[in-house]
Amino acid sequence: MEAYALAAGITATLTKLGEDIIGFFSGFSVAYVVEILLFYLLIYYVSKVLRDNDATRLMLVYWGVILVMGVMKYAVELFDTKFYFYFVLVLSMFMLILFNVEVKKSLWDVHNSPVEKAERLIGGAEARSRAEVERCISDIIKALQNMSKNNVGALIVLSKGNLPKQVLQSGVMLDAEISTQLIEGIFFPKAPLHDGAMIIRGHKIQAAGCFLPLTQKTSYPKEFGTRHRAGIGITEVANVVSLVVSEETGIISIIKQGNVQRYADYDMLKGALRDYYWQELPLSDKKNK
């Protein structure tokens, strides 16, 4: 009798479980699947942004809050599923707003695969010898220092081919070899292209007279004019380096990811330019550096 009662109990439990499973899948719709997929893709993207920007602690807090709210929802049932989804959505949007510069940069940058990059460097027109790279570095530094001595304003962007098309189209395409004379000539105060930015890509001056997005931050010194704000702004939306010469003071600044390093001397400029050039060269050339 007891065995019969136990079997009946197990049967009833399995029957109820089966009904619950059937009920769950009977209410399952494509729209629900899409919502769940988008929900987890959002969490994944926010986590990726935090991880890529070395915000590990903030990422742990983000996941911790989501898990705690999940436990409160499904274990204690303090609120419904819709509230939980909205809460995670608002939290994710807040994180993305905190890292809006990094998000814009990830959306604007053009990322080449390692294979494409190796092919471009080894067999393409951008593969250059050590001697030519050093010549480009020397010519750029000499031009910057000459303009600094004469208080000639300049803005040079070191690009990796990842600038938005509208930036290049706003100026004049040159595709010219780098030289001290050409750089100084373009930024000569009465030259037609001196007010815009010069774009250098590899061993070529790609364009000049380009207009760049201005930074919207207000925490920079008041003496920073349009040229500095443009140099900062482009590094906030693209993975590039800006070199700025102040027209008023002659001070040379190196700008990376919105961070301004003022009073750049020969060694600082050489270090920044070598970082730019050598990371784009084949491994065999780097070993000979």
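Analyst: Asn151 is partly exposed, at 33% relative accessible area. Here buried means under 20% relative accessible area, exposed over 50%, and partly exposed in between, with a 1.4 Å probe and protein chains only. This is a predicted model, in which local features need pLDDT of at least 70, side-chain atom pairs count only at pLDDT 80 or more, and totals for chains, interfaces and linings use all residues. Residues are numbered from 1 along each chain as its sequence is written, and side-chain values use heavy atoms, with hydrogens and water left out.

Asn151 sits in the loop between helix 7 (130–149) and strand 1. Helices (H or I, at least four residues) and strands (E, at least two) are DSSP runs, numbered from the N terminus. The phi of Asn151 is near 55 degrees, a positive value in a residue other than glycine. Most residues other than glycine have a negative phi. Tyr263 also has a positive phi, near 55 degrees. Tyr263 belongs to the loop between strand 7 and helix 11. At 57% relative accessible area, Tyr263 is exposed.

Seven strands form an open sheet in the order 2-4-3-1-5-6-7, with mixed pairing. Two strands pair if DSSP finds at least two bridges between them. Strand 2 (172–177) and strand 7 (259–261) stand at the edges. Each has a single partner strand, so one side of each is left without a neighbour in the sheet. From one strand to the next, the twist averages 25 degrees. Axes are lines fitted to C-alpha atoms, for helices over the stretch in contact, and angles run from 0 to 180 degrees between N-to-C directions.

Helix 10 (residues 226–237) packs on this sheet. Helix 10 touches strand 1 (154–159), strand 5 (241–245), strand 6 (252–256) and strand 7. The direction of helix 10 makes about 175 degrees with that of strand 5. Helix 11 (residues 266–278) lies across strand 1, strand 3 (197–201), strand 5, strand 6 and strand 7. Helix 11 runs at about 35 degrees to strand 6. Contact means heavy atoms within 4.5 Å.

Now strand 4. Strand 2 and strand 4 (residues 204–210) pair in the antiparallel sense over four bridges. Among the bridges, Glu177 partners Lys204, and Met173 partners Ala207. On the other pairing, strand 3 and strand 4 are also antiparallel, over four bridges. There, Arg201 has Lys204 as its bridge partner. Strand 3 and strand 4 form a hairpin with two residues between them. Gly202, in that turn, has a positive phi of about 65 degrees.

Strand 4 is mostly covered: seven of its seven residues are buried. Gly209 lies in strand 4 and is buried at 11% relative accessible area. Leaving aside neighbours within four places in sequence, Gly209 is in contact with Ser170, Gly171, Leu193, Gly196 and Ala197. The C-alpha atoms of Gly209 and Gly171 are 4.6 Å apart, though 38 residues separate the two in sequence.

A search of the whole structure finds four aromatic pairs. Phe39 and Phe85 have ring centres 4.6 Å apart and planes at 20 degrees, so the pair is stacked. Rings of Phe, Tyr and Trp (its six-membered ring) pair if their centres lie within 6.5 Å; planes under 30 degrees apart count as stacked, over 60 as edge-to-face and the rest as tilted. Phe39 lies in helix 2 (residues 30–52) and Phe85 in helix 4 (residues 81–98), so the pair ties together parts that are 46 residues apart in sequence. Phe39 is buried, at 11% relative accessibility. Tyr220 and Phe224 also form a stacked pair, with 6.2 Å centre to centre and 25 degrees between the planes. Tyr220 and Phe224 are both buried. Phe39, Tyr40 and Phe85 form one aromatic cluster.

Helix 4 has a helical partner too. The axes of helix 3 (residues 56–74) and helix 4 come within 10 Å and cross at roughly 170 degrees. Helix 3 and helix 4 are therefore roughly antiparallel. Angles under 35 degrees count as roughly parallel, over 145 as roughly antiparallel, 65 to 115 as roughly perpendicular and the rest as oblique. Residues making the contact include Leu58, Tyr62 and Met69 of helix 3 and Tyr84, Phe87 and Leu91 of helix 4.

Finally, the overall setting. The protein has 12 helices and seven strands. Buried residues make up 39% of its 289 residues. Of the contacts with a separation of 6 or more, 63% join residues 24 or more positions apart.
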